[in-house]
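Reader: I have a structure open and would like to go through it with you. Can we take it piece by piece?

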Amino acid sequence: EGAGRLGPSLVDPAWLHGDGSPTAIARLTAEGVRTPSPGYSAVMPGYAGQLDARRLAAVAAYVYALASPG
């Protein structure tokens, strides 16, 4: 649902970075977001050093499913 000014919702079809595809979500999860988006105060760290490709794909599939019910 988002966290106020901390971060945007992941359960709607609007994306601040990328096109919302699983590939874009995996890339953003790996690289992070270094500059807060307008209206938000937090950045997102990258997880490339902590998650292997299989786990990045799993996170991306999960986040994609949140915003794409059905």
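Reader: Which residue forms a salt bridge with arginine 27?
Author: Glutamate 31 does, with the closest N and O atoms 3.5 Å apart. Keep in mind that this is a predicted model.

Reader: How many salt bridges does a search of the whole structure find?
Author: The search finds 1 salt bridge. That is the pair of glutamate 31 and arginine 27.

Reader: How are the two placed in helix H1?
Author: Glutamate 31 and arginine 27 are 4 residues apart in helix H1, so about one helical turn separates them. Side chains of opposite charge can pair when their charged atoms come close.

Reader: What is the relative accessible area of glutamate 31?
Author: Glutamate 31 has 43%, which makes it partly exposed. Arginine 27 is partly exposed too, at 38% relative accessibility.

Reader: Staying in helix H1, is alanine 24 buried or exposed?
Author: Alanine 24, which lies in helix H1, is buried, because its relative accessible area of 10% is under the 20% cut-off.

Reader: Over to H2, then. What span does H2 reach?
Author: H2 has 15 residues and reaches 21 Å from its first C-alpha to its last. That is close to the 21 Å expected at 1.5 Å a residue.

Reader: Which residues of H2 are buried?
Author: They are Leu56, Ala60, Val63 and Ala67. These four cover an arc of only 70° around the axis, so they sit on the same side of H2.

Reader: And which are exposed on the other side of H2?
Author: Arg54 and Tyr62 are exposed there.

Reader: What is the lining of the largest pocket by class?
Author: There are 16 nonpolar, 5 polar and 1 charged residues in the lining.

Reader: What about the loop between H1 and H2: where does glycine 49 fall?
Author: Glycine 49 is in that loop, and it is exposed, with a relative accessible area of 82%. The C-alpha atoms of glycine 49 and alanine 30 are separated by 7.9 Å, the two being 19 residues apart along the chain.

Reader: Is serine 37 buried or exposed?
Author: Serine 37 is found in the loop between H1 and H2 as well, but counts as buried, at 11% relative accessibility. Serine 37 and serine 21 are 16 residues apart in sequence and 19 Å apart in space, C-alpha to C-alpha.

Reader: Last one. Where does proline 69 lie?
Author: Proline 69 lies in the segment after H2. Its relative accessible area is 70%, so proline 69 is exposed. Between the C-alpha atoms of proline 69 and leucine 10 the separation is 12 Å, and the two are 59 residues apart along the chain. Leucine 10 is among the residues closest to the centre of the largest pocket.

Methods: Residues numbered from 1 in each chain as written. Predicted model: local features only at pLDDT ≥ 70, side-chain atom pairs only at ≥ 80, totals over all residues. Heavy atoms only, no water. 1 Å grid on protein atoms, 1.4 Å probe; cavity = no way out; pocket = protein on both sides within 12 Å on 5 of 7 lines; lining within 4 Å. Nonpolar A, V, L, I, M, F, W, Y, C, P; charged D, E, K, R; others polar. Salt bridge = Lys/Arg side-chain N within 4 Å of Asp/Glu carboxyl O. Buried < 20%, exposed > 50% of the residue type's maximum accessible area, 1.4 Å probe, protein only. Expected span 1.5 Å × (residues − 1). Arc of directions from axis to C-beta.
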